[in-house]
Amino acid sequence: MKDDAGVTREQRVEALGGMGCKRKRVEDARFTQGKGNYVDDIKMPGMLFGDFVRSPYAHARIKSIDTSAALALDGVVAVLTADDLRPLGLHWMPTLAGDKQMVLADGKVLFQGQEVAYVVAKDRYIAADAVELIDVDYEELPVIVDPFESMKSDTVLREDLVAEDGSLPDGAHGPRKHHNHIFTWEVGEKEATSQVIDSAQVVAEETMYYHRTHPCPLETCGCVASMDKVNGKLTLYGTFQAPHAIRTVVSLISGIEEHNIRVISPDIGGGFGNKVGAYPGYVCSVVASIVTGVPVKWVEDRMENLMTTAFARDYWMKGKISATPEGKITGLWCEVTADHGGFDACADPTKFPAGFMNICTGSYDIPTAYLAVDGVYTNKAPGGVSYRCSFRVTEAVYFIERMIEVLAIEMNMDAAELRRINFIKKEQFPYQSALGWEYDSGDYHTAWDKALKAVDYEGLRTEQAQRVEDFKTGKTRKLMGVGLSFFTEIVGAGPVKNCDILGLGMFDSCEIRIHPTGSAIARLGTISQGQGHATTFAQILASEIGLPADSITIEEGDTDTAPYGLGTYGSRSTPVAGAATAMAGRKIRAKAQMIAAYLLEVHDDDVEFDVDRFVVKGAPEKFKTMKEIAFAAYNQAIPGIEPGLEAVSYYDPPNMTYPFGAYICVMDIDVDTGEVDIRRFYALDDCGTRINPMIIEGQVHGGLTEALAVALGQEIAYDDMGNVKTGTLMDFFLPTAWEVPNYETDHTVTPSPHHPIGAKGVGESPHVGGVPCFSNAVNDAFRAFGLRHTHMPHDHWRIWKTANKLGLHG
Amino acid sequence: MSKKMHIQLTVNGEAQEFLAEPRELLIHTLRERLNITGPHIGCETSHCGACTVTLNGKSVKSCTVFVAQADGAEITTIEGLGNPDKLHVLQEAFKEHHGLQCGFCTPGMITRASKLLEENPSPTEEEVRFGMAGNICRCTGYQNIVKSILAAAAEMSASKEAAE
Amino acid sequence: MIPAAFEYYRPKDMEGVLAVLTEHGDDARVLAGGHSLIPMMKLRMAEVPHLIDLQDVAGLGGISVSDGTVRLGAMVTQSDIIADAVLADAAPIMREASLQIADPQVRYMGTVGGNVANGDPGNDMPGLMQCLDATFTLIGPDGEREVAARDFYESAYMTAREDDEVLTAVSFKVPEGGYAYQKQKRKIGDYATAAAAVQIVKEGGTCARASIAMTNLSDTPVYSEAAGAALVGTSVTDSDIDAAVQAMLGDIDPAEDNRGPVEFKRHAAAVILRRAIARAWSRA
């Protein structure tokens with residue numbers, strides 16, 4: 001049908017650039033021309049540079065710090081130590097996990113690279129020279145890098161957490177069992193699970209180590225703090241994935257009132273969880289700016305980034321899974337020993353000290369389950385961030401997807417079939433899991449069948465069997481692995497009733513202003529780090545309010561202008577802020593409806609929304625476009641309606657969202673060199689309603705590549721002395737274009753029933769599902785030779801070791 | 001601090017003269033001194049390529065070049081490849097094929113790709129992957145970067161043919 | 001990562017270079033491409049108060065092949081090597097090896113002189129030069145001298161070059177027969193887990209001459225005369241290759257690092273060498 005101007009309804013839909021279209025990114029014009037504005041691009045008059053003296057030791061007492069030579073260097077303005085911060089109460093700071101962390105070493109250091117002193121100088125060269133001139137006298141202490149050893153050791157890592165009488169006060173998450181113990185977190189039914197497993201006919205057990213790694217975005221962490229002493233206002237630019245939360249934290253620890261603090265996250269060069277936390281560099285820069293009265297910039301170098309600001313994973317997971325002889329899973333047991341390093345700085349919602357590890361029943365209908373997590377201090381860097389995943393979901397999904405494979409081996413069953421038997425059925429949603437979650441929606445069988453068919457799964461198994469024969473007869477030295485993974489994520493944290501960070505409910509927000517000429521600006525509490533929010537949030541709004549996406553500016557990251565929100569991590573932007581955007585859009589539309597009705601001289605109920613306009617019901621030739629309505633909102637006195645067209649929505653999600661997907665990887669492994677060749681990778685994602693397929697595909701490619709890296713070699717490794725062995729990009733594995741395959745992407749669509757537009761989030765799915773898929777492929781290649789499980793990362797020498805243990809080197 | 005030396009550079013066609021310590025890294029000269037902030041600092045050990053510029057006709061990692069070494073050199077950065085009125089074909093192609101996400105590696109990536117296509121106007125996918133292996137991207141998984149470069153190569157060949 | 005301050009010199013000729021070296025001894029270092037030295041300086045693991053940039057020194061460039069001898073000036077880069085058709089024809093192993101060094105940007109800067117003179121056991125060129133039985137030309141206050149690549153390396157970063165000498169060129173006889181440069185590494189930009197340079201001459205179905213060296217499996221490159229000898233006179237069957245590999249395993253002394261434990265290094269060395277010999281033989 002065409003309207004008066006000869007434009008069809010389809011053309012009007014297309015002109016909006018709304019949800020579902022492959023809209024090109026609005027961010028790209030500046031990025032492709034080198035005109036992004038990242039933290040290190042910010043320059044302010046008189047700006048000074050901060051740099052840290054860091055501990056070379058993993059555990060040592062500090063006997064003295066001599067700063068005199070540094071202070072004597074021309075261009076050095078100040079040197080801060082814990083003694084300088086103590087009078088301000090800033091030598092320690094609260095962590096997101098309810099612990100506290102030294103801002104600057106207070107008498108001792110607990111990990112290599114720990115911040116000891118902060119130099120402020122006229123430029124970064126002088127600062128670096130001054131760092132070399134600071135003389136710190138250390139007395140080395142025994143180093144513990146193993147969490148199991150730590151729980152037995154007499155060495156006390158955190159004297160501040162032991163009472164004078166030697167007793168152990170409770171930690172933030174309850175009683176502590178040992179002076180190096182942080183918490184025990186239990187979920188599920190211990191006794192019942194134990195009974196089910198003890199009496200089961202089939203039980204498979206395995207212990208797996210999910211190694212320590214790091215998000216390593218290409219841009220490191222940094223900030224510029226600028227204290228305006230005249231107006232009493234602090235402006236803090238930084239690489240913050242959660243600018244509002246940072247503002248609140250800065251206010252709480254500095255005593256500066258929150259309205260006098262403006263936090264700005266400019267363009268961010270990737271985050272992946274690295275930029276959620278608050279780091280000593282931020283605190284020191286703020287203090288330095290207050291002390292000097294001029295702006296102070298701090299940007300960590302790559303080595304500092306890998307050694308100090310955040311780590312991910314480092315979970316020892318011991319599992320038991322039981323089943324009937326037919327393969328129906330009856331119980332799951334998971335015990336985790338979590339290495340948190342010197343301070344518990346995990347970025348998790350307050351009530352979840354091990355994040356959402358209790359999603360570890362996965363995509364399966366498991367009636368009984370139990371999870372216990374023990375957090376432990378060691379002499380490693382603090383962190384425990386969610387590296388491209390919702391809180392500890394990568395660990396959980398890796399655990400269950402490995403346990404399924406181990407059970408399949410135990411039962412001599414096909415792992416694809418075992419999954420199928422145990423999937424939660426479509427009609428079971430919303431599904432209550434044994435460990436306390438309500439899965440919103442899913443259609444696992446359809447997705448799985450589509451994936452298996454797409455790769456000709458049976459054909460792959462036939463080929464693999466032939467390969468095993470050829471290997472045994474000496475025709476080849478390459479084995480073939482078929483990696484399977486079916487993941488269910490839990491993202492979009494989260495409902496305020498159970499999700500908060502530092503007491504801040506994890507809602508999110510959107511504020512929209514429609515301008516008189518029919519364009520708009522929307523501001524959100526989130527912040528893009530490459531996800532393309534400026535593109536996709538405008539698409540949501542375009543569909544909701546009928547103005548073209550190209551006429552809508554999306555602004556994030558400035559706490560003076562954006563409504564309060566908890567930021568971007570844990571795939572929460574679309575599930576939470578995306579919902580807020582849709583809801584705010586609907587408020588706009590509701591008011592627009594009243595204006596339209598007034599203009600059309602009919603009752604409010606007699607007009608209805610149609611793409612980009614309100615039409616009189618039954619008389620589509622009578623309409624007012626949203627553009628006309630916008631103008632009317634500003635130029636007409638409409639009885640009973642305030643002028644203007646604005647709305648704000650704070651969205652408290654009723655539930656998390658549960659994206660899922662089916663991944664299959666085919667790889668060839670050179671048994672002699674341990675080299676891996678990814679021959680094929682098929683990824684089917686169901687993230688509910690799809691806002692921009694182009695961006696979804698890009699997210700999947702990127703997440704899979706980070707998964708490949710983690711599974712095949714990316715590791716923060718320590719030696720026995722607590723020295724970081726992987727502190728540069730020579731040793732810390734970031735794959736290049738040469739090591740990465742092309743991926744095949746696919747999808748099904750199962751909308752979230754509780755989300756206003758049915759979207760679930762996708763950015764982290766490929767990482768969460770990808771890691772076990774790559775790892776399962778490696779393990780699967782050796783299954784025919786008796787392998788049950790081998791730990792990641794599957795780098796060359798570890799694969800060689802696996803093959804060697806199986807006697808495959810003759 | 002060592003004594004400063006007189007440095008002359010031509011950056012994106014503009015002559016620059018200044019005094020600098022010889023140890024100043026070229027990436028800092030560009031970013032701090034000349035306000036050319038397209039090239040970025042990623043790894044600082046010559047692995048990531050975020051700081052890639054073209055120096056005397058070679059793709060180099062400007063984090064691993066002292067300004068003293070570059071004295072007298074001609075340098076092109078992302079800022080010299082195109083402008084808002086006329087983007088470089090690669091800039092258009094990266095936009096068109098979603099060849100970037102956070103944008104941090106993009107200037108180095110495109111600058112390197114421009115040199116690659118100059119040396120090999122019709123590369124295969126494998127040649128693109130090998131020729132771009134000095135640039136790390138953490139966001140895209142490279143698939144769309146490779147696609148963008150191949151598309152730009154095709155576009156450049158087509159317009160060259162049309163011109164002939 | 002900011003280097004310490006230094007005095008910078010960019011002499012136009014070798015006399016100027018030697019004058020600074022003579023004056024400052026081991027406080028002075030020459031800079032070619034800088035892609036080994038500069039990262040070390042930035043990490044403040046190398047202290048260089050006096051830095052002599054060789055880029056303007058005449059006579060350090062150029063690739064020539066004449067009278068059966070290949071000569072590369074010290075400042076020839078890996079990308080020059082890759083692009084040189086005459087060299088690719090005369091000594092194709094040079095191109096094959098260069099393509100496996102670092103990444104494109106680094107290859108534009110990385111020089112053959114820097115790669116061989118630095119003494120880093122991870123560098124590829126030293127082993128290759130030993131395989132080719134190259135000669136290094138050094139110049140110092142007492143004039144020029146030549147040192148065989150096979151005699152040049154003493155231990156990690158310690159070579160026969162005196163502190164006041166500069167390596168100006170490498171030269172070797174145009175190699176004969178089949179060749180292979182085989183390298184296992186974790187990713188682009190990494191040093192070798194194990195790498196092998198092999199040249200084999202085949203005469204009437206038998207191996208007439210063989211030269212074999214390996215990289216990053218000891219604190220110096222490892223030229224194994226015994227490994228080559230094990231192949232000579234044989235028809236390079238699997239068992240002959242095994243004998244060569246065994247000989248090489250007697251000469252290497254790898255250290256554990258992030259690429260793996262010693263046992264794996266030895267295993268990888270054997271696998272890589274086996275493949276290199278087989279490929280070189282197939283080309284012979």
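Trainee: In what order do the three strands of the open sheet in chain C lie?
Mentor: The order is β1-β3-β2 in chain C, with parallel pairing. Strands here are DSSP runs of E with at least two residues, numbered from the N terminus, and two of them pair if DSSP finds at least two bridges between them. This is a predicted model, in which local features need pLDDT of at least 70, side-chain atom pairs count only at pLDDT 80 or more, and totals for chains, interfaces and linings use all residues. Residues are numbered from 1 along each chain as its sequence is written, while chains are lettered from A and ligands numbered from 1 in the order in which they are written.

Trainee: Which strands are at the edges?
Mentor: β1 (7–9) and β2 (28–31) of chain C, each of which pairs on one side only.

Trainee: How many bridges join β2(C) to β3 of chain C?
Mentor: Four bridges do, and β3 covers residues 50–53. Within β3(C), Asp53(C) is the residue opposite Leu31(C).

Trainee: Changing topic, how many residues of chain C are in contact with chain A?
Mentor: 18 residues of chain C, against 23 residues of chain A; contact requires C-beta atoms, placed from the backbone, within 7 Å.

Trainee: Which helix gives the largest share of that side of chain C?
Mentor: Helix α12 (residues 262–283) of chain C, with four residues; a helix is a DSSP run of H or I with at least four residues.

Trainee: And how far apart are the C-alpha centres of domains 2 and 3 of chain A?
Mentor: They lie 37 Å apart, the domain bounds coming from an automatic or database domain assignment. The contact takes 17 residues from domain 2 of chain A and 23 residues from domain 3 of chain A.

Note on methods. Contact = placed C-beta atoms within 7 Å.
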